Amino acid sequence: MKKIILFACILFASFKTFAQQTDKDAVKQTINIMFDAMRKGDSTMLRSTFHKNIVFEGVANKKDGTVALDIDNPNDFIKAVGTPHKEMWDEQITFNDIKIDGDLASVWTPYKFYLGKTFSHCGVDVFTLMRTPAGWKIIYIVDTRRKGNCPE
């Protein structure tokens, strides 16, 4: 009888853990599809990960030493991804922190960006996603960019 109770407790704990991981896995999947689309140069696949009102911003260090917030046009990025280019765009990320509250998720991912096999730059991407009837969609991306002091 003790074995049955122990097994039931383990099964319940495993189910609860699995249920908590499902949203995180779905959020990761959306972001991974975005980067797979970049590597493939597939603008349709890329657009499928974005909410129609997505916002793109970047924290930029200017040559004069000031810091500015650059606002980018998501449609320009989508078009650039889908336009044939010589080298594959390969952004390699590490999922460091994923937080979910209901239908809102926030994700912090250090990255290194390569043009083909050549290192270009690194930084951090911060994603905000929203759960929709079609699944998790990216609603906001802000990033940093630098050439050195990259994450391992």
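**Chatting through a predicted fold**

Trainee: Let's start with Arg145: what does its relative accessibility count as?

Mentor: Arg145 has a relative accessibility of 44%, so it counts as partly exposed. Keep in mind that this is a predicted model.

Trainee: Noted. Which side chain does Arg145 meet in a salt bridge?

Mentor: That would be Asp72, with an N to O distance of 3.9 Å. A salt bridge here needs the nitrogen within 4 Å of the carboxyl oxygen, so the pair qualifies.

Trainee: And where do Arg145 and Asp72 sit in the chain?

Mentor: They link distant parts of the chain, 73 residues apart. Arg145 is in the segment after β7, while Asp72 belongs to strand β2. Asp72 is partly exposed because its relative accessible area is 30%.

Trainee: What about salt bridges that share partners, which residues do they join?

Mentor: Asp23, Asp103 and Arg131 are joined into one network that way.

Trainee: How many salt bridges does the structure hold?

Mentor: Eight. One of them is in helix α1, where the side chains of Arg39 and Asp36 meet at 2.9 Å, N to O.

Trainee: How far along the helix are Arg39 and Asp36 from each other?

Mentor: They are three residues apart in α1, so about one helical turn separates them. As for the solvent side, Arg39 is partly exposed with a relative accessible area of 28%, and Asp36 also counts as partly exposed, at 29%.

Trainee: Let me zoom out. How many helices and strands does the protein chain have?

Mentor: There are three helices and seven strands. Going along the sequence, you read α-α-β-β-α-β-β-β-β-β.

Trainee: And how much of the chain counts as buried?

Mentor: Of its 152 residues, 33%.

Trainee: On to pockets. What volume does the largest pocket have?

Mentor: About 370 Å³. Its lining is made up of 18 residues, and those nearest the centre are Phe56, Phe77, Glu91, Asp143 and Arg145.

Trainee: How do the lining residues divide by type?

Mentor: Ten are nonpolar, six are charged and two are polar.

Trainee: Switching to the surface: which residues form the nonpolar patch?

Mentor: Val59, Val67, Leu69 and Ile71 form it, and together they have about 380 Å² of accessible area.

Trainee: Which strand gives the most to the patch?

Mentor: Strand β2 (residues 67-72), with three residues. Val67 lies in that strand, and at 54% relative accessibility it counts as exposed.

Trainee: Why does 54% make Val67 exposed?

Mentor: Because exposed means over 50% relative accessible area, and Val67 is at 54%.

Trainee: Last one, about backbone angles. What is the phi of Asn149?

Mentor: It is positive, about 55 degrees, although Asn149 is not a glycine. Asn149 lies in the segment after β7, which is also where Arg145 is found. At 72% relative accessibility, Asn149 counts as exposed.

Notes
Residues numbered from 1 in each chain as written. Predicted model: local features only at pLDDT ≥ 70, side-chain atom pairs only at ≥ 80, totals over all residues. Heavy atoms only, no water. Patch = residues over 30% accessible without salt bridge, like charges linked within 9 Å, V, L, I, M, F, W, Y side chains within 5 Å. Areas by Shrake-Rupley, 256 points an atom, 1.4 Å probe, with all protein chains shown as cover. Helix = DSSP H or I, 4+ residues; strand = E, 2+ residues; numbered from the N terminus. Buried < 20%, exposed > 50% of the residue type's maximum accessible area, 1.4 Å probe, protein only. 1 Å grid on protein atoms, 1.4 Å probe; cavity = no way out; pocket = protein on both sides within 12 Å on 5 of 7 lines; lining within 4 Å. Points joined across faces, edges and corners; volume = space filled by probe spheres on them. Nonpolar A, V, L, I, M, F, W, Y, C, P; charged D, E, K, R; others polar.
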